[in-house]
Amino acid sequence: KAGAPPRFFMNTAKRLAATLPSPASEGPQSVHEIARHLRDELSTRQSLVDLLVLTAVFVLVLELVSNIVYYVPRFFSAKTIPVRGKHLDEFSFKDKAFVTFNKCLTGLFVYAYFGYLWSVRKMPGDDEHEAGDELLSLQNNHTHVHDHDHTFGNHDHCCGGGKGIWALDELSLANTVFPVPMLFVVYDFFYTLLHWALHVKAVYAFVHKHHHHQKAPSRANIDAVNVHP
């Protein structure tokens, strides 16, 4: 059926979304509480299969992008960047193991990143829903009336969500365009500090030295992820 693949991936996304920790109404959750929640939710066979599917999809997408970046310019006779230094022509078993392992971490990274976005979600109608829920609580002499799962389409915006933007009509220059350059500024600031720390002589040989035995990177993302896990 034509709609089977999209439905399959949507169901996978729904199940993974249901495993994400929901923001606690009484305040931020501790790292221990979040870790315990994820351990319980992701220990099922279905969750592990869903994570495997997520990882496979994003690894394939990255492979596609990597090949596009590498091969497409050649069709336009684009000049290649001159190779300076000795090129690492053949990968050792260690290189291949590190590249494979780091690619497989992509699924967990995307899951964690989506988890952050999901935790600060804010959907249209928050105020109205919360006001209605408060009224219902007072009428029934209850302090809280929410007893439902946190999945797509099931009041996922009403239980302590933050100010994440999930609706097109909430987009603006201030919350969408302006943060893009700031993202690179903030990311590169902390990346520079981390990169500097990895070059400290006392730790360089244990972690970052492996990455620099490729002195003339030419394989796009493959050389980029050939780092010590």
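Begin by selecting Asp50, which is buried, with a relative accessible area of 2% (buried means under 20%, exposed over 50%, partly exposed in between, with a 1.4 Å probe and protein chains only). The model is predicted: local features need pLDDT of at least 70 and side-chain atom pairs pLDDT 80 or more, whereas totals for chains, interfaces and linings use all residues. Residues are numbered from 1 along each chain as its sequence is written, and side-chain values use heavy atoms, without hydrogens and water.

Asp50 forms a salt bridge with Arg15, with the closest N and O atoms 2.9 Å apart (a side-chain nitrogen of Lys or Arg within 4 Å of a carboxyl oxygen of Asp or Glu). Asp50 belongs to helix α3 and Arg15 to helix α1 (residues 4-19), so the pair ties together parts 35 residues apart in sequence; helices are DSSP runs of H or I with at least four residues, numbered from the N terminus.

Move to Leu16. Beyond its neighbours within four places in sequence, Leu16 is in contact with Ser47, Asp50, Leu51, Leu54 and Tyr111 (heavy atoms within 4.5 Å).

Then select Leu16, Leu20, Leu42, Leu51, Leu54, Val110 and Tyr111, the largest nonpolar core (buried Ala, Val, Leu, Ile, Met, Phe, Trp, Tyr and Cys residues joined through side-chain atoms within 4.5 Å). Helices α3 and α4 (93-119) each give two or more residues to this core.

Finally, select Lys103 and Glu63, whose side chains meet in a salt bridge of 2.3 Å, N to O. Lys103 lies in α4 and Glu63 in α3, so this pair ties together parts 40 residues apart in sequence. Lys103 is buried at 16%, whereas Glu63 is partly exposed at 23%.
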